[in-house]
Each structure stands twice: as C-alpha cells, then as structure tokens.
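Please walk through this model with the structure open beside the text.

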Amino acid sequence: MTRKSGYALLATLASVVAVVCAAIFVSVGGTHTDDTTTAPQPRSTAAAQAAAGAWVGTWATAPAAAEPNTPHGYPDMSIRNVLHTSVGGTAARVQLSNLFGSAPLVLTHTTLAVADGTGGPDALPGTLAALSFGGRAAVTVPVGESVLSDPVRLRVPGATDLLVTTFSPYASGAVTYHPHARQTSYLAQGDHTADPDGTAFTEQSPYWRYVTAVDVWTDQAKGAVVALGDSITDGFTSTVGANHRWTDYLAERLDGSPQGPRLGVLNEGISGNRVLLDAPPNLAGNGPSALQRVNRDALSRTGAKTLIVELGINDIILSPHQSDANAIVAGLQEITREAHAHGIRVVGGTLTPFEGERGYQPQFDAVREQVNAAIRAGRVFDGVVDFDLALRDPQHPTRLRPVYDSGDHLHPNDAGYQAMADAVDLSTLLGSAPATV
C-alpha cells in the first residue's frame, strides 16, 4: 500500500467512525439538571452498548465571592477561561454561576473548546463548539443561581486545557469569581466567543469568572474525588500554569493507575477558607465557611464518590483565632455527617506544620496537634491521609521540610504538593471501611 492510498483509507475509516458517533449521540437538554445517569440517547441495542457510560466531573472550582470593582460586570467583553481536565470523555457540559451576582447575568454566546496546548487562548482546530441552554444560545442566570449547559459532542482528553468563553453585551452586575486560579485566562473586547484564534484576547487575568464545573460523558472513570480545602488545596504557591496543585498530581496518579481506580479529581479549595467562620467583608475572597459551602461546592458535584478534606489551619492562625480544638473537630465531624447523608466517603487530611510563618505561636501549634490527634485516632473521618507526616521536617516536626517549603513556611512548593498527592493511599478512596491509621 502506498502512503497516499493509506491516507485515503484512514480518511474513509475516520468518516465511518464520525457517522457512527453521530448516529448514536443525541444531545439531551437541561440547564439545571445534574443527573449522572442520563446518557445521550441510543437508537439500538448495539448503539446502547457503544454509548454506555456516565457523567463525571472532570474539573471544578469553588465560587468564592463577587469580584471587587465589577458593579456592572464585563459588558461587551469576551472572557476566555482556561482550565485543566482530570479525566476525558466523548461529550461535555459546563456549569456557569451567578452565585455572588448583584443582577441577572445575561450571556448571549458561550463556547467550549480544547486548547491547542501552547498555554495561550488559541483553540485546537476543529474543537470549538457553541453551547446551548435548553436549546437556546442565550441564557439568563438569576442572582444566586447557576445553570448547566446542554451536552455537546466533543472529545475531551484527560489532563488537557479547555477554553470556556462567555460573552454578555449587557451590564450584568458583580462577577462571581475564583480569585486564585493559578492559571492565566484572557479577555477580549467584543464578541469573540466563536474565535478559535486567540489573537483578540490581549488582556490576561489570574481569575476564573462564572465557570464553576465541567462534566464529561465517559465509560472509563468510575466517579470523582472532590477536594474541599483552603489555600493549600487551592495551590496558592504552585507554579502558575503548570497544574502543580496536589490535586493535579493526584489526578495523574488516578489516570489509569494500577494502584487505584480511575476517578475524576475536582478541586474545591478556596484560599483563606475556614471550617467554622465565613470570611469577613474585607476578605470576602476567602469564601463562606466549609460548613456553609460543603453541599453546594463538593457533595453536589457530578459523580462524587469520595471527599478529601484539607481544612482547619486557618481557623487557628487567622483572627479571630479558634483556640478550642474540639470546636474544629466538631466542625469536621459535621462535614463527614453531611457527606455520609449523600452516600459519599470522607478521607481527611491532618493539618500541616507552619512554624516560621509570620503568625506562628506555640499555642496555635498545640491546637493543631490536638486536631491531628483526633483525626489520627479515627474520630473524624472514614480514612486519613497524613499530610503532616508527609511534609514535616523530621528534625524539626513543627516546620515544613525545607525541600517542600515555598518560602513562607506555610504553603508547600511544587515538590511539596507532589508529596501530598503521593501520601494519598488510593485504596482508601473507594469502599466503606475506615482506613487503618
């Protein structure tokens, strides 16, 4: 066979595959549904087998607050959010939020695309798809609510960047955002949602705006792990654009690893977040307390099977300081009870060392140790991941190991985040029996 005839044969086969896929996939609408069992509808038994699978979350973030100084939103601006998947699939749907908005959010065009891999705003050719909501291109998101797009047929790879681009021609009130994305997104004047070329997107941004989740249709992943945490889960000191949060490293381990199940990983960390108290107005970006947001941000995520909790240190070190370890433990136990009510298993992380951080005091560390003792004793969670043991300096256990210290003596660097992910026993992520601690 010549090279030319070989290419022709491949092109013919690709066309056949495309026809078959188009025959078995029929999009299902629903802007408010989070149904994990409704599939693109097949037309035959054979097609039903081909279409077998489920909706699973591949990416998520926690809406933290209203973006400061955005009383009118971004009228006549395209916002291209760049985000990183954990697992792949053959179709996708996107959640958009107006949780902290001050007026109805009217979006006239929204698109989804696979990024071209260069780290910028350019889409991979042939992947840009227009999103609809109940069959319509335009959608109005009421204040305090979110919407889920209709599914679109799009082959979404695992561990790759996606582009979610929104456009509103109107003043739409304060913008719901996530302030510490550790990812560069982009803005452009005018409606450039349908542009695969990112040339118009000349303004860079460190935020995610409006977009809060992406689900994929997959027959590979068996569900999702959701990480509920603070700045350490948010990846506050990880390298921007490198996807080196501990949750990213965990996703790499779960991507077909023989050591554990294939699961999506959803990061619901908010920098500065606490278990017990909402952020004060001057620090609104630290978000509502974990107790207030656990159902919305974590337990309702598509395909959630296991919750990993990394929280408590801010209750101790931020003012007003929580000096009662039992209060923090009780809050963490309540999170576990909420998860169990949803049939979700909980693995909890011990609180990591922070001596040398500017707010450190020995009495604060004593509270941390008391919380950790309760966690290790099995009084709080179904399983334990000992982040403290993974990161602490063996010669000085109240400090981070120097090789894992970002320099502020509280947050890990990329190597530290890798160590956190490596500390997770993958076998504890599914099942009902408590882990051995």
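Strand β6 (residues 109-114) and strand β11 (residues 161-168) run antiparallel, joined by six bridges. His-109 has Phe-167 of β11 as its bridge partner. This is a predicted model. The β6 and β11 pair belongs to an open sheet of six strands. The order is β7-β6-β11-β3-β13-β14, with antiparallel pairing. Which strands stand at the edges? They are β7 (129-130) and β14 (203-205). Each has a single partner strand, so one side of each is left without a neighbour in the sheet.

A second open sheet has three strands. Its order is β2-β12-β15, and here too the pairing is antiparallel. β2 (65-66) and β15 (208-209) are the edge strands, each pairing on one side only. Strand β12 (residues 176-178) runs antiparallel to β15, and two bridges join them. Look for Tyr-177: it stands opposite Arg-209 in β15.

Next come the aromatic rings. Searching the whole structure gives five aromatic pairs. One of the pairs is Trp-59 with Trp-208. Their ring centres are 5.1 Å apart, with 85° between the planes. That is an edge-to-face arrangement, because planes over 60 degrees apart count as such. The pair links distant parts of the chain. Trp-59 lies in strand β1 (residues 54-60) and Trp-208 in strand β15, 149 residues apart.

Now turn to the helices. Two packed helices are described by the angle between their axes and the distance between the axes. Start with helix α7 (residues 325-341) and helix α8 (residues 362-376). Their axes come within 9 Å and cross at roughly 40°. The two helices are therefore oblique to each other. α7 passes α8 in a right-handed crossing. On the α7 side, the contact is made by Ala-325, Ile-328, Val-329 and Leu-332. α8 brings Val-367, Gln-370, Val-371, Ala-374 and Ile-375. By class, this contact of α7 with α8 has eight nonpolar residues, one polar residue and no charged residues.

Helix α7 has another partner, helix α5 (residues 290-299). The α5 and α7 axes come within 10 Å and cross at roughly 30°. Why is α5 described as roughly parallel to α7? Angles under 35 degrees count as roughly parallel, and the crossing at roughly 30° therefore makes α5 roughly parallel to α7. The crossing of α5 past α7 is right-handed. From α5, the residues Ala-290, Leu-291, Val-294, Asn-295 and Leu-299 take part. They meet Gly-331, Glu-334, Ile-335, Glu-338 and Ala-339 in α7. The contact of α5 with α7 has six nonpolar, two polar and two charged residues.

The next pair is helix α4 (residues 246-254) with helix α10 (residues 414-423). The axes of α4 and α10 come within 8 Å and cross at roughly 50°. That makes α4 oblique to α10. α4 passes α10 in a right-handed crossing. Trp-246, Tyr-249, Leu-250 and Arg-253 make the contact from α4. From α10 come Asp-414, Tyr-417, Gln-418, Met-420, Ala-421 and Asp-422. How do the residues of the contact of α4 with α10 divide by class? Six are nonpolar, one is polar and three are charged.

Two backbone details remain. Most residues other than glycine have a negative phi, and most peptide bonds are trans. Arg-182 has a positive phi of about 55° although it is not a glycine. Find Arg-182 in the loop between β12 and β13 (185-189). The other detail concerns Pro-320. The peptide bond from Ser-319 to Pro-320 is cis, with omega near 0°. Pro-320 has its place in the loop between α6 (313-317) and α7.

Notes:
Residues are numbered from 1 along each chain as its sequence is written. This is a predicted model: local features need pLDDT of at least 70, side-chain atom pairs count only at pLDDT 80 or more; totals for chains, interfaces and linings use all residues. Side-chain values use heavy atoms; hydrogens and water are left out. Two strands pair if DSSP finds at least two bridges between them. Helices (H or I, at least four residues) and strands (E, at least two) are DSSP runs, numbered from the N terminus. Axes are lines fitted to C-alpha atoms, for helices over the stretch in contact, and angles run from 0 to 180 degrees between N-to-C directions. Angles under 35 degrees count as roughly parallel, over 145 as roughly antiparallel, 65 to 115 as roughly perpendicular and the rest as oblique. A crossing is left-handed if the near helix is turned anticlockwise from the far one by less than a right angle, and right-handed if clockwise. Contact means heavy atoms within 4.5 Å. Ala, Val, Leu, Ile, Met, Phe, Trp, Tyr, Cys and Pro count as nonpolar, Asp, Glu, Lys and Arg as charged, and the others, Gly among them, as polar. Rings of Phe, Tyr and Trp (its six-membered ring) pair if their centres lie within 6.5 Å; planes under 30 degrees apart count as stacked, over 60 as edge-to-face and the rest as tilted.
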